[in-house]
Amino acid sequence: KSHKEPLIPPTPCRAKTNVMFLKTHKTASSTVLNIMFRFAERYNLTVALPADELLHLGYPRTFVAHFVEGFETIGQNYNIMCNHLRFNPLEVKRVMAANTFYFSILRNPIPLLESSYIYYKNNVPAFRSSKNVNEFVASPTKYYHPADYRENIYARNIMWFDFGYNNNAEDDTKYTQAAVLEEIEQNFHLILIADYFDESMILLKHALCWDLDDVIYFKLNSRSQDTVQTLSLESEEQIKAWCSLDWKLYLHFNRSFWRRIEETIGLELLEKEVDHLRTRQKELMEICLSEQEAVRKDHIRNRALLPFQSGAANILGYNLKQDLDNRTLRNCQKMVIPELQYTSYLYTVQHPHKKRKEVGLPLLWTSRQEE
C-alpha cells in the first residue's frame with residue numbers, strides 16, 4: 001500500500017494500583033503473590049497484611065476485616081491485598097477501595113489434587129491414611145470422613161472452598177451455574193488459568209495496564225519432579241467426579257479466559273508478548289542466578305531464601321550470583337524471596353513498631369537503613 005495509514009495513538013491507560021488477588025492453593029499463586037508484592041514496593045503502595053503473628057489472612061476461617069493489620073486505624077485505604085484468605089466479598093470491600101480490581105487464578109483440578117496430596121500429605125487425614133494419590137482417588141470416601149471436615153479441605157474442591165463456598169455441597173447444576181459461577185463473575189474482573197501461566201501474565205498486564213517488567217517472574221514454590229506421582233487415567237476421571245464443583249469452575253473460567261484473550265489481545269499479539277516475557281525472564285535469570293534453574297532445598301546456599309517445606313514435596317528455591325552490585329542484588333532478591341519471608345519483611349517495613357513475624361529463618365533485610 002502506497003498511502004500511509006493514519007497513526008492512531010494507543011489510548012494511554014493508567015496502571016491500576018488498587019488490586020485484590022484471591023490467592024488460591026496449589027495454583028502457582030505464590031508466584032503471583034511475589035509479583036504483587038514487588039509491584040507494591042515499586043509504587044510504594046499499602047498492602048493489607050495479616051495481623052499479628054499470622055502469615056495469612058485468617059485462613060481457613062472466612063475472612064473478616066480485622067484479620068488485616070492496622071485495619072482499625074487505616075480503614076478502607078489499602079491498595080493491595082494478596083495473602084491467603086477465604087473469600088468474603090462484603091468484608092474484603094471494607095478493606096479495599098471501591099475501584100479495586102479483583103482477580104484470581106484457577107488450575108486444572110486433576111494436577112491440582114495430585115499437588116495438594118503431596119504438599120499436604122502430613123496435614124490432611126484423608127491423605128495421611130491412604131498410601132498414594134491413586135489409592136486415595138480410587139475410593140475417596142474410604143479416607144475422607146465428614147467429621148474431619150476442617151482438616152480435609154485440601155482433599156476436595158479446594159478452589160470452591162477458597163472462593164468462600166461449601167466444598168462438600170451437592171453438585172446441582174442450578175446451584176453451580178446460577179448461584180456460584182455467576183456470583184464469581186460479578187465479584188471478579190478476571191480469572192487467570194495456571195495451566196497457561198505466561199498467557200495469564202500477559203492478560204493480567206493488559207487488564208491492569210502494567211509494564212512487562214511488572215509481570216516478570218521466576219517460578220516460586222514449585223517442587224522437584226521426583227515428588228510428582230503419576231495419575232492413572234481412571235484416577236483422572238475419578239478426580240473429575242470427586243471434585244466436580246472445582247471441575248465445573250475450571251471449565252467455565254477456562255472458556256471465559258480464552259474468550260477474553262480473543263476479545264482483548266488476540267492470539268497473534270498474545271504469542272508475541274509471551275515470547276517477549278520468556279526472553280526477558282531468561283535475561284533476568286542469567287543476570288541473577290548462579291544456576292539457570294531452581295534448585296532442591298539442600299542446595300540453597302542462603303538460608304534466608306529457603307522456601308517453607310511441606311509434606312512429601314521438595315520445594316525448590318534459588319541461588320543468586322555472588323558478585324552482584326547492590327541494586328541488582330536487591331532486585332534479584334525480590335524475584336526469589338519466598339512468600340513467608342516477603343510477607344514478614346513487608347510487615348516490618350509497614351508496621352515498624354509491631355513485633356516482627358517469626359518465619360523461623362533468617363530475614364534478608366533486618367532494618368530500614370539498609371534500603
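Mentor: A definition to start with: a disulfide is a pair of cysteine sulfur atoms within 2.5 Å. Also, keep in mind that this is a predicted model.

Trainee: How many disulfides does the structure hold?

Mentor: The structure holds 2. Cysteine 288 pairs with cysteine 332, with the sulfur atoms 2.0 Å apart. Cysteine 13 pairs with cysteine 209, and there too the sulfur atoms are 2.0 Å apart.

Trainee: Where do cysteine 288 and cysteine 332 sit?

Mentor: Cysteine 288 is in helix α13 (residues 267-288) and cysteine 332 is in helix α14 (residues 326-336). They are 44 residues apart, and the pair links distant parts of the chain.

Trainee: Is that disulfide left-handed or right-handed?

Mentor: Left-handed, because the torsion about the S-S bond of cysteine 288 and cysteine 332 is about -75°.

Trainee: And the one between cysteine 13 and cysteine 209, left-handed or right-handed?

Mentor: Right-handed, because its S-S torsion is about 90°. Cysteine 13 lies in the segment before β1 (19-22), and cysteine 209 in the loop between α10 (197-208) and α11 (233-242), so the bond ties together parts that are 196 residues apart in sequence.

Trainee: Buried or exposed, what about cysteine 209?

Mentor: Cysteine 209 counts as buried, at 14% relative accessibility.

Trainee: Switching to helices. What angle do α4 and α12 make?

Mentor: The axes of α4 (residues 109-119) and α12 (residues 244-264) cross at roughly 130° and come within 10 Å. That angle makes α4 oblique to α12.

Trainee: Which residues meet there?

Mentor: From α4, Pro109, Ile110 and Leu112; from α12, Asp246, Trp247 and Tyr250. By class, the contact has 5 nonpolar, no polar and 1 charged residues.

Trainee: Last one: what is the average pLDDT?

Mentor: The protein averages 93, and 94% of the residues score at least 70. Over residues 367-371 the pLDDT is below 50, and this stretch has 7 contacts in the model beyond near neighbours in sequence.

Notes:
Residues numbered from 1 in each chain as written. Predicted model: local features only at pLDDT ≥ 70, side-chain atom pairs only at ≥ 80, totals over all residues. Heavy atoms only, no water. pLDDT = per-residue confidence, 0-100. Contact = heavy atoms within 4.5 Å. Axes fitted to C-alpha atoms, helices over the stretch in contact; angles between N-to-C directions. Helix = DSSP H or I, 4+ residues; strand = E, 2+ residues; numbered from the N terminus. Parallel < 35°, antiparallel > 145°, perpendicular 65-115°, else oblique. Nonpolar A, V, L, I, M, F, W, Y, C, P; charged D, E, K, R; others polar. Buried < 20%, exposed > 50% of the residue type's maximum accessible area, 1.4 Å probe, protein only.
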